[in-house]
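Hello,

Here is the structure I promised to pass on.

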Amino acid sequence: MTKIDRDIFLRSFGVRPNGSLNFLLGAGTSVQANIPSAGTLVWQFKRKLFCDANNVREEKYKDLESERNRSTIQNFFELKGDFPKYNAPEEYSFYFEKCYPNSIDRKAFIQRIVQGKNPSIGHNCLGVLFNTQKVNYVWTTNFDELIECGIKKIDNASTFEVISPENKNQ
């Protein structure tokens, strides 16, 4: 992936015609809105599975930033052998499905963590860029609706199309 200097980006952005830029947003886009990152969720899933398997209260391992807690939890899974390696790309989906095997429960879990969250300043800035037609397309893997909320917050009459698994047959 090519990275460009901020000043170069701003100069380029200033001369591009409306709609000539797209945004591809990924993991971490909504962290500023207090939605946990995928990495944080992986550790929450691991903790829950570890504590359930060992009949230990999660409170004992509350601090997931603690290297000692992470090491204890990770060692448990490494000794079991049937779990992804640490930081493997499949960790998120594996531990999420292991923690909540029922897809309805996974959906409820996601709904619970995004409920009541408000768009961050980044979502609102993206709303301005969209509503001024500087950006016509925003692509994301995120499961929250904060991008849409940011667009609507700037101009409630804005129209846009959301393509997701929920509307794939429409």
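**What I found**

Asn34 is exposed, with a relative accessible area of 60% (exposed means over 50%, buried under 20% and partly exposed in between, using a 1.4 Å probe and protein chains only). Before I go on, please note that this is a predicted model, in which local features need pLDDT of at least 70 and side-chain atom pairs count only at pLDDT 80 or more, while totals for chains, interfaces and linings use all residues. Residues are numbered from 1 along each chain as its sequence is written, and side-chain values use heavy atoms, leaving out hydrogens and water.

**Two positive phi angles**

Asn34 sits in the loop between β1 and α2 (helices are DSSP runs of H or I with at least four residues, strands are runs of E with at least two, and both are numbered from the N terminus). Its phi is positive, near 65°, although Asn34 is not a glycine. Most residues other than glycine have a negative phi. Gln133 also has a positive phi near 65° and is likewise a residue other than glycine; you will find Gln133 in the loop between α6 and β2.

Asn18 itself lies in the loop between α1 (6–15) and β1 (21–25).

Leu129 belongs to helix α6 (residues 121–131), where His123, Asn124, Leu126, Gly127, Leu129 and Phe130 are buried. The cover over these buried residues includes α1, β1, β2 (135–140) and α7 (146–154).

**The cores**

Which residues touch the most other members of the largest nonpolar core? They are Phe45, Phe50, Ile73, Phe77, Tyr95 and Phe109, out of 24 residues in that core. By nonpolar core I mean a set of buried Ala, Val, Leu, Ile, Met, Phe, Trp, Tyr and Cys residues joined through side-chain atoms within 4.5 Å. Two or more residues come from each of α2 (38–54), α3 (67–80), α4 (91–99) and α5 (103–114), and α2 gives the largest share, seven residues. Ile73 touches Trp43, Lys46, Arg47, Phe50, Tyr61 and Leu64, leaving aside residues up to four places away in sequence. There is also a second, separate core of five residues, among them Leu25, Leu126, Phe130 and Ile147.

**How α4 meets α5**

The axes of α4 and α5 come within 9 Å and cross at roughly 110° (axes are lines fitted to C-alpha atoms, for helices over the stretch in contact, and angles between N-to-C directions run from 0 to 180 degrees). That makes α4 roughly perpendicular to α5, a label for angles of 65 to 115 degrees. Tyr92, Phe96 and Glu97 of α4 meet Arg106, Phe109 and Ile110 of α5 in this contact.

Best wishes

Methods. Contact means heavy atoms within 4.5 Å. Angles under 35 degrees count as roughly parallel, over 145 as roughly antiparallel, 65 to 115 as roughly perpendicular and the rest as oblique.
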